[in-house]
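This report considers salt bridges and helix geometry in a predicted model. Please read it alongside the sequence and the coordinates.

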Amino acid sequence: MSVVVVVESPAKAKTIGKYLGPGYHVVASYGHIRDLPPKDGSVRPDDDFAMDWEVDDRSEKHIRDIAGALRGADRLYLATDPDREGEAISWHVRQELENRKALKGVEVKRVTFNEITKDAVRYAIAHPRELDHELIQAYLARRALDYLVGFTLSPVLWRKLPGSRSAGRVQSVALRLICEREAEIERFVSQEFWTVDADLLAPDATPFVAHLTHLDGRKLDKFDLPDAAAAGTARDRVAAAALSVLAIERKKAKRHPSPPFTTSTLQQEASRKLHFTAKHTMQVAQRLYEGVEVDGETVGLITYMRTDGVQMANEAIQSVRALIKGDFGDRYLPSAPRHYKAKAKNAQEAHEAIRPTDVGRAPAALSRFLDRDQLRLYELIWKRTMASQMESAEFDQVAVDIAPKDRSLTLRANGSVVVFDGFLRLYREDRDDAEGDENDRLLPPMKEGDVLKLTGARSDQHFTQPPPRYSEASLVKRLEELGIGRPSTYASILGVLQDRSYVRLDSRRFFPEDRGRLVTAFLESFFNRYVQYGFTADLEERLDDISGGRVDWKMVLRDFWTDFHTAVDGTKDLRVSQVLDALDQDLGPHFFPDDGSGLDPRKCPTCANGRLGLKLGKFGAFIGCSNYPDCRHTRPLTTDGSAPSDASNTRDLGSDPETGTLVSVRKGPYGFYVQRDPVAAAEEAPPPEEKPPESKAKGRKKVAKPKPPAPKRVSLPKGLEPQDLDLEKALALLALPREIGVHPDSRLPILAGIGRFGPYLKHGDAYKSLPDGDDVLTVGLNRAVDLLSQGGKARTPVRLVGNHPADGKPVTVRDGRYGPYAQHGDLRATLPKDREAGELTLDEAVALLAAKAAKGGTPAKTTKSGIPAKTTKTVKAKPTKAAKSPAKGRTAAKTAR
């Protein structure tokens, strides 16, 4: 019996293929094989929400490979991931194969496994099932909703708010959270307060600190000591008091371990402890799930990483408990296993928690098989899993009240002692790098009535702090608390907001960009219901109800579309001036804050009688004067009205020591960039020229004046802020591309530079984008070789054979569409079939190239991407109108015929 198994990725296919052995052909779909075409009309609400699906060029090859593998096969097992997206991929594959009549006589089944281990995969193959149509309908509903919101709301943004990119069903709500937090910070008024502390000695002369908590029989609130005078009075009273122990309160406390990781808690902890982005966390987890080669065997190291469940399989719990007993002893093992309850309402999507597939594989034992990030994330998952089944930590908490005999004031000292560390011996959640608070202090032994010696009293000034900006961890946590989004969507939500320049991540905190604040203000003004947290969370619950079979998916779509379409129609007659008025009113307090001076913050500083307000231009919004065009005062969207547009958009860094020209950092429509002014060409006086005779002057071609030299510009790479840029770094950017070194295999140079799509590496014809975290100015040779080995956009040269004896230019051997070939400049010569590319000598390559040239070989023309022109398809354009021939009045088309 021949069986074809379809999975999403080649890495997963490789691992599973080894487990199943002969008789099974495992092929990869490379994710979704089709999607809604990115154009209007792909979802048609008037046709009962019918959808059009399209297979792109990349996926066409993969679906053909699957169809080809099915020739002569008896069964097709769809083994994609065990969640909603995995079910959807399987459904798409089956639908497309049925449309192509590739499933005739083939039995189709669905298999799922939560971990990629030999036992789990073989068990799944032995227990196949049918496709889950309720999960598929939940996918269809979500995909349709996201499409309808994006393709209906985004055009409204483009027309009414130039410079905006797009709006999304969930991303717009996440953006609102970030913008609202920024508004809170801007409105925040810091308030002064004071505290009083006493430095004391216990009877055994051990020092400790106590805080003033009561004064004249009344408990002090935070702002009861508002200034230095009040704090000084209280401090003097403490310094003059004879203090003794009034009361001691002791109590036992326990701290219980956290459950094993879900998707969101893994992203949060990886952000806090490892400083990973949500996207990077999921990429590393995907590799650990799909399989890593360990001792010659490819094995999945963790269970499926997209889950909102916290439960573990009983077998896994028993393995963890056995390891705890063996490594830590009976004291660290609870009497009964810990069972955690999942928060997810949808049982079908509440999979097992993220855990090691074999907890016996300790991180230390895997260190030589994993890269640094893989090992750190695996260690985090392993420790959290182990800790979740360990005994609770126990503390003795002590609170000591201290007062004079008249009890006119009271001080308190707090402390705690870890009696038993329990799970804390292995893992501390979100505390690994944090300093302990006062409750972690160890107090000296004391008893009621003990007289204490005062060694000093001090008062300290404090100021209240605004709420912190969201980090990736805190934003994911907040979205989860609100019930917005789902485990598989958080990384993409955060990525989209940054890719569209709605927010930026600076020092691991989210800052809203001006564009993002305008979009949020627009949506709150005209589509308020659809960015409400409650509405979005309720819609998520209804979508979960679809996957649980509790509601019809098209009914959910109809209910949403009816009101949403009406709201969009209501903006058709909306004028840009109305939009500006609404945004100006909403964002006015932010852009024109009252500084308390009594002066009008909107008064134009240039013309003195104009009013500053929000304006819209080709590249988005800015602040301008109401007296335009008589007054042309403008500035970017900023709360600092003192900086005019030119000053805030340009900063001189100094002169280039080689050319003497000015180097500056500037802001353009697409972000900040570095510019070096051109070197002025030496002006030479033109030689005297006699005026030609009239007969010769007629018909002379006008000589074009040479263009002035253009300034050199380089975009700032992601993560480099303009305020952090100095002359030295700017000159380094302007010197790009730079040569990193020579590739050890090809002996060709590797270059690093910044292009249209950001920082890149170049090796021969191959380009590779530099991932986040790698600096284009400092990336080294080893890292560059490693990145290039992961693939590029173009074919990579096999090796450098040597330099041609005629001109000294390199002769290389490359992989081509029809096999390896030798190349010198633009001349190419295919290698004989019996000649290996790795064995070709320089003399042989020169001979092949000479023979090719003798036969009339022409230089190979290439496209901009470096692909030979003969591999690109040329589409002949049909003439639309016959152009008149200037010679005889015939059409150019007839002349050609």
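## Salt bridges

Glu-98 and Arg-94 form a salt bridge in which the closest N and O atoms are 3.1 Å apart, and because the two residues lie four places apart in helix H3 (residues 84–99), about one helical turn separates them. Elsewhere, salt bridges with shared partners join Arg-34, Glu-60, Arg-64, Glu-96 and Arg-100 into one network.

Across the whole structure the search finds 51 salt bridges. One of them pairs Arg-75 with Glu-107, again with closest N and O atoms 3.1 Å apart; Arg-75 belongs to strand S5 (residues 75–78) and Glu-107 to strand S6 (residues 107–110), so this pair ties together parts that are 32 residues apart in sequence. Arg-75 is partly exposed, with a relative accessible area of 27%, and Glu-107 is likewise partly exposed, at 35%. Asp-774 and Arg-783 also meet through their side chains, at 2.8 Å from N to O, and Arg-783 is partly exposed at 33%.

## Packing of H9 and H12

Helix H9 (residues 278–290) packs against helix H12 (residues 372–388) at an angle of about 85°, their axes lying 10 Å apart, which means that H9 is roughly perpendicular to H12. The contact involves His-280, Thr-281, Val-284, Ala-285, Arg-287 and Leu-288 from H9, together with Asp-373, Gln-374, Leu-377 and Tyr-378 from H12. By class, this contact comprises five nonpolar, three polar and two charged residues.

## Helix H15

Helix H15 (residues 514–526) has 13 residues and spans 18 Å from its first C-alpha to its last, close to the 18 Å expected. Its buried residues include Leu-518, Val-519, Phe-522 and Leu-523, and also Arg-515 and Arg-517.

Notes:
Residues numbered from 1 in each chain as written. Predicted model: local features only at pLDDT ≥ 70, side-chain atom pairs only at ≥ 80, totals over all residues. Heavy atoms only, no water. Axes fitted to C-alpha atoms, helices over the stretch in contact; angles between N-to-C directions. Parallel < 35°, antiparallel > 145°, perpendicular 65-115°, else oblique. Contact = heavy atoms within 4.5 Å. Nonpolar A, V, L, I, M, F, W, Y, C, P; charged D, E, K, R; others polar. Expected span 1.5 Å × (residues − 1). Buried < 20%, exposed > 50% of the residue type's maximum accessible area, 1.4 Å probe, protein only. Salt bridge = Lys/Arg side-chain N within 4 Å of Asp/Glu carboxyl O.
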